[in-house]
Amino acid sequence: MRIFLITLLIIVSTWEVWATHPKNDTVVLYHNEMITGEIKELRLGELTIDTKNLNIISIKVSKIQSINTATDTFRIETIDQMLYYGVLKPAPKEGHVYIVSSNYVRLIAIDHINAMLPAQESFIYRLQGNISAGFTYTHSSGIGQLSTSANIYYTAKRMDLAFAGSSNSSIDTSTFSRDRADVSLSSYYNLQQNSKFYAVGQLDYQRNLQLSVARRFQQTIGGGRKFILGTNIQLMGMLGFSLDQELSTSGENELLMEIPLGLLLNYFKFASPNLQATSKNAFYTSLSQKGRIRYEMNTNISWELIDNFYITWTFYISYDRKPPDPDAGKMDYGTTISLTYKF
């Protein structure tokens with residue numbers, strides 16, 4: 001009975017908005033400005049909406065007083081690590097909304113929504129990501145350094161897919177050398193409505209000439225936990241099993257087994273300046289080579305210049321206690337500054 005009465009109250013209180021904008025989502029800001037259009041996503045403290053007159057705009061969640069979605073069902077993940085599927089309707093309390101589905105009604109603070117995406121859109125619509133490129137050149141050495149990276153995300157009802165790729169190359173007057181490359185395709189599946197635990201499957205390709213690795217193909221399965229889903233920070237961890245095929249620069253081929261332990265940290269701050277930071281860390285303990293331990297770290301800090309364009313500082317470390325070639329270095333590290341476009 002309580003759910004029925006609350007649902008009836010929501011329908012009556014928002015009838016005027018529905019009648020005025022029958023096909024539009026509506027976002028009301030704290031200074032009573034109303035923005036209508038089609039909500040694309042809410043992620044990392046920003047809501048993105050496609051309006052008819054202003055094109056696609058991003059709104060900081062802290063500035064939103066109320067949200068009313070028209071017809072689409074959304075996948076909604078909260079900071080207390082719960083998953084919901086429903087529509088959002090205004091609540092009497094400012095800064096709060098009702099999550100409404102056929103089975104329940106939940107009252108929640110808007111800034112407690114960690115992520116929200118349409119659950120019934122096409123494949124292309126659900127793709128999000130960014131691309132980066134940077135280049136440095138010194139006349140004295142005659143050598144240029146090219147760095148590129150790309151990250152693409154896809155969200156389904158209970159599954160997330162992530163593609164990440166980066167490379168560092170050297171260019172001089174006569175040769176082009178692909179010194180370092182890292183490409184991964186990851187799948188995360190939420191095991192229950194409480195989104196705290198998830199299953200992981202991952203495919204990786206790596207190349208690092210400094211550590212004498214011509215190529216490494218890696219297949220990983222495991223499980224993970226979301227430790228923190230805050231209003232401006234996310235921390236996730238995973239533990240699994242990896243099977244690797246590794247080719248050294250000297251031509252030796254090895255089949256390896258490893259135990260990976262991974263940590264992913266996301267942080268975002270929407271104040272002056274607007275910053276986003278991501279740090280991926282992975283520790284590998286070998287089961288097939290006694291005493292071999294590896295560590296991979298990639299950290300990106302992005303500063304927004306204008307809408308969708310960022311300056312990104314990247315720092316990476318690769319460590320291998322027993323590289324394929326005993327005479328090779330055990331550590332590789334570097335830093336780049338690049339221009340990033342977010343889509």
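**Note on aromatic contacts in a predicted model**

1. Searching the whole structure gives six aromatic pairs. Rings of Phe, Tyr and Trp (its six-membered ring) pair if their centres lie within 6.5 Å; planes under 30 degrees apart are stacked, over 60 edge-to-face, and the rest tilted. This is a predicted model: local features need pLDDT of at least 70, side-chain atom pairs count only at pLDDT 80 or more, and totals for chains, interfaces and linings use all residues. Numbering runs from 1 along each chain as its sequence is written, and side-chain values use heavy atoms, leaving out hydrogens and water.

2. One of the pairs is tyrosine 84 with tyrosine 104, edge-to-face at 5.6 Å centre to centre and 65 degrees between the planes. Tyrosine 84 sits in strand 7 (residues 83-90) and tyrosine 104 in the loop between strand 8 (96-100) and strand 9 (105-109), so the pair ties together parts 20 residues apart in sequence. Strands are DSSP runs of E, at least two residues, numbered from the N terminus. Tyrosine 84 is buried at 10% relative accessible area; tyrosine 104 is buried at 13%. Buried means under 20%, exposed over 50%, partly exposed in between (1.4 Å probe, protein chains only).

3. Tyrosine 188 and tyrosine 198 also pair edge-to-face: 5.7 Å centre to centre, 70 degrees between the planes. Tyrosine 188 belongs to strand 14 (residues 176-190), tyrosine 198 to strand 15 (residues 197-208). Tyrosine 188 is partly exposed at 21%, whereas tyrosine 198 is buried at 4%.

4. Arginine 180 lies over the face of tyrosine 316, 3.7 Å from the ring centre. The criterion is CZ of Arg, or NZ of Lys, within 6 Å of the ring centre and within 35 degrees of the ring normal.

Notes. Helix = DSSP H or I, 4+ residues; strand = E, 2+ residues; numbered from the N terminus.
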